[in-house]
Amino acid sequence: MEQALDVCRQWREAFGRWGFAHVVGHGVPDEHIEECYAAAERFFALPMEDKLSDCVRAAAHQWARDGATARGITRPRDSRPSPPPKGSGAADGHSGAPARVHHSDADLFPRSLPELKPATHRYFGSVQRLLQAIMEITAVSVGMPRSYFARFWGADAGAGGTSPHNILRLAHYRSQAGMPPRANQLRYGEHTDFQGYTLLWQDHNANGGSQTAPDGVPPKGGLQVRDPQTGAFLDAPPPPKAFTVNAGDLIQCWTNDVLLSNTHRVANPPAGDGTARVCLVFFAGPHPDTIVECLPTCTDRERPPRHAPVKAGATT
Ligand SMILES: O=C(O)CCC(=O)C(=O)O
Ligand SMILES: [Fe+2]
């Protein structure tokens with residue numbers, strides 16, 4: 001019990017300072033991660049014609065554009081609108097549409113890669129269970145009842161037609177061999193995530209953690225997190241077998257800035273480095289009709305609500 005409360009204290013501290021944490025001992029089986037990661041890599045390695053012809057036409061642009069565009073090459077910083085307006089849809093400054101895999105959209109799966117569907121579904125289910133634990137930790141960390149967020153993300157959350165809108169994005173940042181980025185370009189521009197938590201499996205930790213780079217070796221073109229106190233961007237390579245978790249704007253709104261939705265970006269690898277990057281990005285979204293407003297435990301006379309209540313769906 002004391003240990004569990006300590007985790008909740010650490011959570012509040014990490015997210016109050018950084019909006020980010022690395023989570024180990026998370027219970028997501030190595031093989032679920034390995035399968036999903038390997039299937040994602042195989043998908044991105046498919047020839048473009050296969051991606052196009054295999055996918056249902058109506059949905060194909062979602063998959064195909066991601067494979068086709070150099071989404072790792074975002075526009076130079078000066079020419080980017082920064083930060084993207086909340087609720088603009090172009091929420092995170094990508095050059096290509098993300099590959100969004102809704103759990104129910106079976107038809108989106110390419111026929112030439114039959115393992116992609118079971119692998120993403122298994123991973124999705126395991127990460128969803130991790131999310132439920134994270135929401136319990138979150139509730140306790142801000143003094144709410146442990147089960148508070150179960151109405152949004154718990155096993156029964158769909159009962160009243162209010163099922164969560166969690167999304168798994170398979171992210172591919174292409175090799176930049178032969179097309180070096182210009183000065184100030186980024187693989188992924190500076191942004192905050194706009195929903196609940198994001199549970200990220202980074203390339204640095206591919207294959208269930210068995211390919212983790214030695215401690216202290218910075219990633220070749222990876223996630224960087226802004227230090228809210230200094231404004232500096234710091235590399236955020238995960239320790240072995242860790243998920244990188246960050247809080248999105250809805251968490252910050254719910255907790256009245258007690259837990260932060262912090263700015264992050266993905267840096268380019270050094271010039272001449274041909275490393276591609278594949279990441280598994282799970283975005284936790286409550287049902288779009290959910291009204292998110294300051295929790296009673298996060299406000300008092302000295303700390304009035306800092307954000308107006310917002311409908312979750314209005315932020316996407
Ligand atoms: O690829 C990464 O490391 C970060 C991805 C990210 O920030 C996002 O998809 O919102
Ligand atoms: Fe992000």
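This is a predicted model: local features need pLDDT of at least 70, side-chain atom pairs count only at pLDDT 80 or more; totals for chains, interfaces and linings use all residues.
1. Residues are numbered from 1 along each chain as its sequence is written, chains are lettered from A and ligands numbered from 1 in the order in which they are written, and side-chain values use heavy atoms, with hydrogens and water left out.

2. Overall picture: the protein chain has seven helices and 12 strands (DSSP runs, H or I of at least four residues for helices and E of at least two for strands, numbered from the N terminus). Among contacts (heavy atoms within 4.5 Å) with a separation of 6 or more, 81% are between residues 24 or more positions apart.

3. On to the metal. His-191 (NE2), Asp-193 (OD) and His-264 (NE2) coordinate the iron ion (ligand 2) at 2.1 to 2.2 Å. Donors here are N, O and S atoms within 2.8 Å of the metal (3.2 Å for Na, K and Ca), and water is not among the atoms, so sites may look incomplete. Along the chain the donor spacing reads H-x1-D-x70-H. His-191 sits in strand E4 (residues 188-191) and His-264 in strand E9 (residues 264-266), so the pair ties together parts 73 residues apart in sequence. His-191 is buried, at 4% relative accessible area, and His-264 is buried too, at 5%.

4. Take a look at Asn-246, in strand E8 (residues 243-247). With 3% relative accessibility, Asn-246 counts as buried. Its side chain makes a polar contact of 3.0 Å with that of Asp-193 (a pair of N or O atoms within 3.5 Å; within protein, one must be able to donate a hydrogen and the other to accept it, and residues adjacent in sequence count only if both atoms are side-chain atoms). Leaving aside residues up to four places away in sequence, Asn-246 touches several others, including Asp-193, Tyr-197 and His-264.

5. Finally, helix H1 (residues 2-17) packs on helix H5 (residues 116-141) at about 80 degrees, axes 8 Å apart. That makes H1 roughly perpendicular to H5 (65 to 115 degrees; under 35 is roughly parallel, over 145 roughly antiparallel, the rest oblique). Leu-5, Val-7, Cys-8, Trp-11 and Arg-12 in H1 meet Ile-134, Ile-137, Thr-138, Val-140 and Ser-141 in H5. Axes are lines fitted to C-alpha atoms, for helices over the stretch in contact, and angles run from 0 to 180 degrees between N-to-C directions.

How values were computed. Buried means under 20% relative accessible area, exposed over 50%, partly exposed in between (1.4 Å probe, protein chains only).
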